[in-house]
Amino acid sequence: MTITALIDAHVHPVASPAFDGTVLIEDGRITAAGPDVPVPEDALVIDADGGWLLPGFLDAHVHLGVDEEGEGWAGQDTNEMTDPVMAAARAIDAINPVEVGFDDAIIGGVTAVNVNPGSGNPIGGLAVAIRTHGRVVDDMVLRSPSGLKAALGENPKRIYGDRQQTPSTRLGVALTIRQAFAKAQAWMAKDESDRDPDLMSEALARVLRREIPWRQHSHRADDIATALRIAEEFGFELVLDHGTEAYQIADKVAAAGVPVLYGPLIVSRSKVEVRHRTPKAPGILTAAGVKVSIITDHPVVPIDFLVHQAALAVKHGMAPDDALRAITLNPAEVLGVEERLGSIEVGKDADLVLWEGDPLDTRHRTLRVWQQGRQVMHRDESGEPVIAAR
């Protein structure tokens, strides 16, 4: 295999201090990184010319490929809102890997995402973590499933309340979730030979066995408290998606050891439960000891604006290193792919992005993007991005 040497780079490994030097790639993985790495004679040398080399960004909460931009109903596959409990529905079955948003992600330096079902149901379905470049989604998978999406608050109570059926209140949404878990527990308690096929209980059992996390859409502080309460009752691994008012009870969230996927940040206060959203929140939560990832909820905020949101968090008090970690290593850890992605370390996949300069300075663009050592984006002589064939 050809060895690729990225030389004269300002390298930000994320998990260790920055340095000026070289990164070697072989067979899709990082084999060396440091200020004094010798370059093999037969290496393919790419001169970074002082550009900033970072791990590819990860967005741990998107609807990329299931909510296709500009396609209307034909490309809208986010919510299966025909039953409040859709635990066995799988986002992977609806992802269109050639949707235009995937190119936007690559150009924006986002090399991996977690695609979720929507929040129209109390229990929406199984998420999947994938890379952002590929021809068939199965070949892009990093972890499947990567969690089970659920929702508290306005969305499910509005959907089913308008139909005058359960759940039409916050009480009913929490009840629906508890009933589904109780049913799954009863199903699990049976001898395997006595279990009837039950895809919903089977999916919920994976959460109860802590094989995958419970991805809880929640905005208001009282909904977040409900999420913490239900997690304690059933003993599963909880991840808070959005967590708009989590900063108001940051001590409670930190004490529970629950990570928060905060965002989207660059949006209007379009409904009551997000009226207290603030770009100060990521910094407040991090200071309280909460593991924070910043998310776009694409297409709510375009996927290529992920780094802009990190920059906004820095503007409002988050430390720059924490902001970069919130779009690299933290989401990798939450998604369970930190052994492969999220930082520049020997043995990890060579999912790397070369920037003109500091990516938190939003004037700087991506120059090149690699996934597993393969260059998937470069800029032509006019500066236009060129995406590699899938």
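Is E211 buried, partly exposed or exposed? I looked this up first in what is a predicted model, and I found that E211 has a relative accessible area of 36% and is therefore partly exposed.

**Entry on the E211 pair**

I then looked for a charged partner and noted that E211 forms a salt bridge with R209, with 2.8 Å between the closest N and O atoms. R209 also counts as partly exposed, because its relative accessibility is 41%. I reminded myself that side chains of opposite charge can pair when their charged atoms come close.

**Entry on D349 and its partners**

The side chain of R29 meets the side chain of D349 in a salt bridge, at 3.0 Å from N to O. I noted that this pair links distant parts of the chain, since R29 belongs to strand 3 (residues 29-34), while D349 sits in the loop between helix 10 (329-334) and strand 14 (352-355), 320 residues apart.

Which of these two residues is buried, and which is partly exposed? I found R29 to be partly exposed because its relative accessibility is 38%, whereas D349, at 3%, falls under the 20% cut-off and therefore counts as buried.

D349 also meets the side chain of R131 in a salt bridge, where the N to O distance is 2.6 Å. This pair again links distant parts of the chain, with D349 in the loop between helix 10 and strand 14 and R131 in strand 8, 218 residues apart. I wrote down that both D349 and R131 are buried. Taking the shared partners together, I found that salt bridges join R29, R131, R340, D349 and D351 into one network.

How many bridges join strand 7 to strand 8? I counted 4 bridges between strand 7 (residues 110-115) and strand 8 (residues 123-131), and the two strands run antiparallel. Looking for V113, I found that its bridge partner in strand 8 is I130.

Conventions
Residues are numbered from 1 along each chain as its sequence is written. This is a predicted model: local features need pLDDT of at least 70, side-chain atom pairs count only at pLDDT 80 or more; totals for chains, interfaces and linings use all residues. Side-chain values use heavy atoms; hydrogens and water are left out. Two strands pair if DSSP finds at least two bridges between them. A salt bridge is a side-chain nitrogen of Lys or Arg within 4 Å of a carboxyl oxygen of Asp or Glu. Buried means under 20% relative accessible area, exposed over 50%, partly exposed in between (1.4 Å probe, protein chains only).
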